[in-house]
Amino acid sequence: MIDLGSPSPYPVLPPGIHDVTMQEVESRFATTPHRRWLFDGFQRAADALALAGCATVYIDGSFTTDKAHPDDFDGCWDHKGVDFGQLDPVLLTFVNKRAAQKAKYLGEMFPAGADSGLGTTFLDFFQVEKYSGLTKGILRVSLAPQSGMTP
């Protein structure tokens with residue numbers, strides 16, 4: 001974690017896309033009962049995306065900062081290989097400030113390559129610290145089965 005200084009309230013990930021495993025996300029960030037609850041929601045969203053063929057998700061938001069009690073997680077997912085007919089429709093529901101996603105998964109997930117509404121993709125959007133506008137990092141989690149693993 002790095003401290004970007006004021007006005008950023010919490011240390012954040014260093015700039016860049018950091019490859020991690022789901023187990024590494026869990027061990028580093030699911031450190032309290034509340035964070036465990038959020039991680040379980042992220043895991044359920046990742047599982048739903050993997051069932052539809054998604055191979056890569058990104059996680060961000062206050063969950064990946066040193067904020068003691070993050071409100072939720074934010075993230076995005078790579079659409080390559082995704083069978084949208086198999087995808088949980090909740091993951092494509094963005095009305096009412098993503099209330100359905102938050103209710104089901106405790107966070108928000110966006111297609112990584114979609115326009116964030118600010119002239120950047122969500123993958124790029126999540127690499128900017130919202131209070132300072134400075135560059136920060138994001139975590140990339142592969143959902144593809146590791147070689148040698150069996151279901």
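A crossing is right-handed if the near helix is turned clockwise from the far one by less than a right angle, and left-handed if anticlockwise. I am working on a predicted model, where local features need pLDDT of at least 70, side-chain atom pairs count only at pLDDT 80 or more, and totals for chains, interfaces and linings use all residues. Residues are numbered from 1 along each chain, and side-chain values use heavy atoms, without hydrogens and water.

**Helix pair.** I looked up α1 (residues 22-29) and α2 (residues 33-51); their axes come within 10 Å and cross at roughly 165°. That makes α1 roughly antiparallel to α2 (an angle over 145 degrees). Their crossing is right-handed. In α1, the contact (heavy atoms within 4.5 Å) uses Met22, Val25, Glu26 and Phe29. From α2 I noted Arg35, Arg36, Phe39, Phe42, Gln43 and Ala46.

**Pocket.** Next I checked the largest pocket and found a volume of about 630 Å³. I found 26 lining residues, with Asp60, Gly61, Ser62, Asp74 and Lys130 nearest the centre. A pocket here is an open set of points on a 1 Å grid where a 1.4 Å probe fits, with protein on both sides within 12 Å along at least five of seven lines; lining residues have an atom within 4 Å of a point.

Notes. Axes fitted to C-alpha atoms, helices over the stretch in contact; angles between N-to-C directions. Helix = DSSP H or I, 4+ residues; strand = E, 2+ residues; numbered from the N terminus. Parallel < 35°, antiparallel > 145°, perpendicular 65-115°, else oblique. Points joined across faces, edges and corners; volume = space filled by probe spheres on them.
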